[in-house]
Amino acid sequence: MPGWKNAVRDEGFVMTYDQIAWLPLCAGLTAVGIVLSFLAFRRRGATAGLRATAWSLLPLAAYLTGAHRTLWDIGSAAVRFVAGLVLSPVVWAGVVLAGLSAVLFVVSGAMRGRALSRARGAGTTGKTEPRQVERPATTGPATTGPATTGPATTGSIGSGKSGPVKSGPVKSGPVKSAPPSDDFSDIEEILKRRGIS
């Protein structure tokens, strides 16, 4: 007993890792958890029971794998940090500086986003419209219909309609592409014929 009083006096009221009987503690937590899991299984169903069983197995698993030592170290470090935070003005100054840094990051990001959106807005109004894709130029004069020398058939093949082909003015140079909405007109027509809209 005198050793226990000295440990309490030297370290405050904090127990050290070696002073705790870990196997009975972890096994007891697992046993209590399994009993509560059984009750949850009966009252709320299989899902709640299985989830509670999974949680209740963790303390014993932590002991058997040695992870309880790491968890103890993390917990005691967090307690020391919070205790030092409450009592130390130097630590509070550090927290204030960390907060100020976070605020500056957020503000600078917002300012950068506004500057980029303004630059995009100014860039699109000063530029010309995007270039349309041009089809390659033909080597000879371009015509709108089939090249025939005499009377030819108009309409679809095998329709039985015949008549002279009307020839328009002869164009040379690159052929302009149709507006983007016309690019899909063929596809839309096929889909409509098949009853797909």
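Visitor: What does Thr16 count as, at 24% relative accessibility?

Guide: Start with the scale. Buried means under 20% relative accessible area, exposed means over 50%, and partly exposed lies in between (1.4 Å probe, protein chains only). At 24%, Thr16 counts as partly exposed. Keep in mind that this is a predicted model: local features need pLDDT of at least 70, side-chain atom pairs count only at pLDDT 80 or more, and totals for chains, interfaces and linings use all residues. Residues are numbered from 1 along each chain as its sequence is written, and side-chain values use heavy atoms, with hydrogens and water left out.

Visitor: Where is Thr16 found?

Guide: Thr16 sits in the loop between helix H1 (2–11) and H2. Helices are DSSP runs (H or I, at least four residues), as are strands (E, at least two), numbered from the N terminus. Now look across to Ser76. Thr16 and Ser76 are 60 residues apart in sequence, yet 9.4 Å apart in space, C-alpha to C-alpha.

Visitor: How many helices and strands does the protein chain have?

Guide: The protein chain has seven helices and zero strands. Read from the N terminus, its elements run α-α-α-α-α-α-α. Of its 197 residues, 8% count as buried.

Visitor: What is the average pLDDT of the protein chain?

Guide: pLDDT is the predictor's confidence in each residue, from 0 to 100. Here the chain averages 74, and 62% of the residues score at least 70. Over residues 1–9 the pLDDT is below 50, and this stretch has three contacts in the model beyond near neighbours in sequence. Residues 150–156 also have a pLDDT below 50, with 13 contacts beyond near neighbours in sequence. A contact means heavy atoms within 4.5 Å. Where pLDDT is low, the predicted coordinates should not be read in detail.

Visitor: At what angle do the axes of H2 and H3 cross?

Guide: Two packed helices are described by the angle between their axes and the distance between the axes. The axes are lines fitted to C-alpha atoms, for helices over the stretch in contact, and angles run from 0 to 180 degrees between N-to-C directions. The axes of H2 and H3 (residues 46–65) come within 7 Å and cross at roughly 175°. That makes H2 roughly antiparallel to H3. The cut-offs are: under 35 degrees roughly parallel, over 145 roughly antiparallel, 65 to 115 roughly perpendicular, the rest oblique.

Visitor: Which residues in H2 meet which residues in H3?

Guide: Among them, Thr30, Gly33, Ile34 and Ser37 are on the H2 side, while Ala52, Thr53, Ser56 and Leu57 are on the H3 side. Pick out Ser56, which lies in helix H3. Ser56 touches Thr30, Gly33, Ile34 and Ser37, not counting residues up to four places away in sequence. At 5% relative accessibility, Ser56 counts as buried.

Visitor: How do H3 and H4 pack?

Guide: The axes of H3 and H4 are 5 Å apart, at an angle of about 105°. These two helices, H3 and H4, are therefore roughly perpendicular to each other. Ala62, Tyr63 and Thr65 in H3 meet Ala67, His68 and Leu71 in H4.

Visitor: How many aromatic pairs does a search of the whole structure find?

Guide: A pair of aromatic rings is described by the distance of the centres and the angle of the planes. Rings of Phe, Tyr and Trp (its six-membered ring) pair if their centres lie within 6.5 Å; planes under 30 degrees apart count as stacked, over 60 as edge-to-face and the rest as tilted. The search finds one pair. The rings of Trp22 and Trp72 have centres 5.7 Å apart and planes at 80°, so the pair is edge-to-face. It links distant parts of the chain: Trp22 is in helix H2 (residues 22–44) and Trp72 in helix H4, 50 residues apart. Trp22 is buried, at 14%, whereas Trp72 is partly exposed, at 24%.

Visitor: What does the count of salt bridges come to?

Guide: A salt bridge is a side-chain nitrogen of Lys or Arg within 4 Å of a carboxyl oxygen of Asp or Glu. The count comes to two. In one, Arg69 joins Asp73, with the closest N and O atoms 3.8 Å apart. Arg69 and Asp73 are four residues apart in helix H4 (residues 67–87), which means about one helical turn. Arg69 is partly exposed at 35%, and Asp73 is partly exposed at 38%. Arg193 and Glu189 also form a salt bridge, at 3.9 Å from N to O. Arg193 and Glu189 are four residues apart in helix H7 (residues 185–193), again about one helical turn. Arg193 is exposed at 63%, while Glu189 is partly exposed at 45%.
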